Amino acid sequence: MKIRTKSLLVGAILALSSIMAACSSDDKASSASGEWKPSKPIEFIVPAGAGGGWDTTARATAKVLEEQKIVNQRFAAVNKPGGGGAIGWAYVNDKKTDDHLLFPTSPPIMFVPLNGQSDLGHKDFTPIAALTADYAAFIVKADSPFQNMNDLVDAMKKDPSSISVVGDSAPGSMDHMQFIKAVSAAGVDAKTVKYVSAQDGAGMTMLLGGQVEVYSTGVGEAVEQVRAGNVRVLGVTSEERLEGEVLSDFPTLKEQGIDDTFVVWRGIMGPKEMSPEAAKFYENALKEMVETDAWKEELDRYGWLSNWMGSEEFSKFLDEEYDKMEALMKEIGLR
């Protein structure tokens, strides 16, 4: 009886070992063939408050990926504002190998480290894909005395201290720099601009509450408030007028005699040591997403333009943009 029991035990151990080996072999084969899939909900970190460009990008992306069943896991958008993005990036950096973590990105991933507010930059994360192109919009309340961008520029030249400009990013970051770049092209001394940082995403609230005169943001953040009749767009940084309801009413800087443009690109990144299989899965999922009618509806809703770049192209683009931004900050004395 003891001999038989021992034989059965040995047989069971051998069988279990075979099953585990087979499972391990299957996992490796799946990984090697790029068949990785998320096994739990994906954390979508938004390195800013609710309502801004990163927040709308994350939530629109998650919505389409879920509703179109492109990814069969939930996306949990989590806002981690502060430091112009630095708080959120630090959180992602602490989870270097997490394959279930993504975050939206845009020019601040370069501006913030360039102005010394973060040790983390675009090279510290995994580029997944670029999704959209937006443009800067300079907004005032509907009852503002400024009817166009030149009215504002003239007032700033006469009395710079009388104009407060708010943005949802830190000084030296995107909302600040896109405004500085525009008014500098119009002849305003960049060092005289009074910039207020509302990193909790409260820029529009401050404008509507009369705490500031101008809000520097993205076109997408302006559309709904323009429709409601609450604000006026003095100028946008596109080369030509945008197409679409409401959007086509926004004058460009160029048509007002200010020779300046600025593209607000947005995309998706993951942790630095995300596995290549996971990164490829998300790249493929996003590629499928941008071809859906549901995503095109989101583009129309926010006034975004499609700007697809896969991981490799996006990575090269980021390196090139960094060099341009570094040169710009040196030019106006912020670097």
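Modeller: Residues are numbered from 1 along each chain as its sequence is written. In this predicted model, local features need pLDDT of at least 70, side-chain atom pairs count only at pLDDT 80 or more, totals for chains, interfaces and linings use all residues, and side-chain values use heavy atoms, with hydrogens and water left out.

Colleague: Why does phenylalanine 44 count as buried?

Modeller: Buried means under 20% relative accessible area, exposed over 50% and partly exposed in between, with a 1.4 Å probe and protein chains only. Phenylalanine 44 has 1% relative accessibility, so it counts as buried. Phenylalanine 75, at 8%, therefore counts as buried too.

Colleague: Why is the pair of phenylalanine 138 and phenylalanine 179 called edge-to-face?

Modeller: Rings of Phe, Tyr and Trp (its six-membered ring) pair if their centres lie within 6.5 Å; planes under 30 degrees apart count as stacked, over 60 as edge-to-face and the rest as tilted. Here the centres are 5.3 Å apart and the planes stand at 85 degrees, so the pair is edge-to-face. Phenylalanine 138 lies in strand β4 and phenylalanine 179 in helix α6, 41 residues apart.

Colleague: What makes the pair of phenylalanine 44 and phenylalanine 75 tilted?

Modeller: Their ring centres are 5.9 Å apart and their planes are at 45 degrees, so this pair is tilted.

Colleague: How do you know that lysine 80 lies over the face of tyrosine 91?

Modeller: A charge sits over a ring if NZ of Lys or CZ of Arg is within 6 Å of the ring centre and within 35 degrees of the ring normal. Lysine 80 is at 4.4 Å from the ring centre of tyrosine 91 and lies over its face.

Note on methods:
Helix = DSSP H or I, 4+ residues; strand = E, 2+ residues; numbered from the N terminus.
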